[in-house]
Amino acid sequence: MIEIHAIPAFQDNYIWCLVNSGEQEAWAVDPGDAAPLENFLSSRALNLAGILITHHHPDHVGGLPQLLKQRDIPVYGPPQTVRKVTNPCVEGDSLSIWGQRFDVWEVPGHTLDHLAFVHLPPANSSGKALAHPLIFCGDTLFSAGCGRLFEGSPRQMLDSLKRISSLPGHTRIYCTHEYTLANLRFARAVLGDDYPPLEERISESESLRANGQKTLPVKLEAEQRYNPFLLCDGEHVKTSVKRHSQLDLENEYDVFTQLRRWKDGFA
Ligand SMILES: [Zn+2]
């Protein structure tokens, strides 16, 4: 049986860890820090069998030197930008973890090297491990938000988000940061406080966090209802962003550009 665990790291990162209890093996996604992952592995007597990396930021790759000291395991990630990658991946590549296929997508925007790992289970897989579609999307799509644009253009980021949004509605979004509550506050500023899907997510997330639980993963179809960055082609977000920016906005790329700028300055 394969399970996915969230290992908290730093302030608000999750190191997602695929665990195959039958094999006593684990794969980690974006181990920014080695210590919490090592603790998790040793407490369950698991062997680390491989690593997936979405992009080069230190809070996603910082644990690699320590983790690879005593291990000779594959590290799948972006070519060139991450020195410890053993299996450089580009758009269209795929890899297999215990027979489960993951497709590699290039999703530039947050950084230019940003990758996502997408699992779409075959139609006959019901009841098996990883029966739901899922994506490890790093710092691209967050619950109620999206990553900052450090390297890519607004157009690249919106195209990446639109591509993620084209996945089946029940796809589970495994992003790296627990930014949900802060993002929801911004979403409320954009969508108003009379927006039922958003208010539902706010009360759900507040009670999860109050009980020390995570708000992730989240289903894509939920995000499509209240994440303003996935609603840039709609009148509601457009009107709100127009009012805030005092600019004429021609298309969804203009809306996204100003929405991202608004979020960057939002306290
Ligand atoms: Zn990042």
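# A loop residue with positive phi

Ala 45 occupies the loop that connects α1 (34-43) with β4 (47-52); helices (H or I, at least four residues) and strands (E, at least two) are DSSP runs, numbered from the N terminus. The model is predicted, so local features need pLDDT of at least 70 and side-chain atom pairs count only at pLDDT 80 or more, while totals for chains, interfaces and linings use all residues. Residues are numbered from 1 along each chain as its sequence is written, and side-chain values use heavy atoms, with hydrogens and water left out.

The phi angle of Ala 45 is near 55°, a positive value in a residue other than glycine. With a relative accessibility of 53%, Ala 45 counts as exposed (buried means under 20% relative accessible area, exposed over 50%, partly exposed in between, with a 1.4 Å probe and protein chains only).

# The zinc site

The zinc ion has four protein donors, namely His 55 (NE2), His 57 (ND1), His 110 (NE2) and Asp 139 (OD), which lie 2.1 to 2.3 Å from the ion. Donors are N, O and S atoms within 2.8 Å of the metal (3.2 Å for Na, K and Ca); water is not among the atoms, so sites may look incomplete. Along the chain, the zinc donors follow the spacing H-x1-H-x52-H-x28-D.

The arrangement is irregular because the four donor atoms subtend angles of 90 to 169° around the zinc ion. Four donors count as tetrahedral if all angles lie between 85 and 135 degrees; four count as square planar and six as octahedral if opposite donors are over 155 degrees apart and all others between 65 and 115; anything else is irregular.

# The loop between β5 and β6

Pro 78 is found in the loop between β5 (75-77) and β6 (87-88). At 0% relative accessibility, this proline counts as buried. Although Pro 78 and Ile 53 are 25 residues apart along the chain, their C-alpha atoms are separated by 7.2 Å.

Gln 80 belongs to the loop between β5 and β6 as well. Gln 80 is exposed, with a relative accessibility of 79%, and has a positive phi near 70° in a residue other than glycine.

# The nonpolar cores

The largest nonpolar core has 63 residues, and those with the most contacts inside it are Leu 18, Leu 52, Phe 102, Phe 117, Phe 136 and Leu 259. A second, separate core of 23 residues includes Ala 9, Cys 17, Phe 40 and Leu 67. Such a core is a set of buried Ala, Val, Leu, Ile, Met, Phe, Trp, Tyr and Cys residues joined through side-chain atoms within 4.5 Å.

Beyond four places in sequence, the residues touched by Phe 136 include Ile 4, Trp 16, Leu 18, Leu 52, Phe 102, Phe 117 and Tyr 174.

Helix α6 (residues 196-210) has 15 residues, which at 1.5 Å a residue should span 21 Å; its end C-alpha atoms are 21 Å apart, in agreement. The expected span of a helix is 1.5 Å times one less than its number of residues. Leu 198, Arg 201, Ile 202 and Ser 205 are the buried residues of α6. They fall within an arc of 105° when seen down the helix axis, so they line one face of α6; the arc is that of the directions from the helix axis to the C-beta atoms.

The buried residues of α6 pack against α5 (180-191), β14 (218-219) and α7 (220-226), while Glu 200 and Ala 210 are exposed on the other side. Just after α6, Gly 212 takes a positive phi of about 70°. The loop between α6 and β14 holds Pro 217, and the peptide bond from Leu 216 to Pro 217 is cis, with omega near -5°.

# Helix α8

Val 237, Ser 240, Val 241 and Ser 245 are buried in helix α8 (residues 235-245). Seen down the axis of α8, these buried residues fall within an arc of 120°, so they line one face of the helix. They pack against α5 and α9 (252-264). Glu 235 and Arg 243 are exposed on the other side of α8, and Gln 246, which follows the helix, has a positive phi near 55°.

Notes: Contact means heavy atoms within 4.5 Å.
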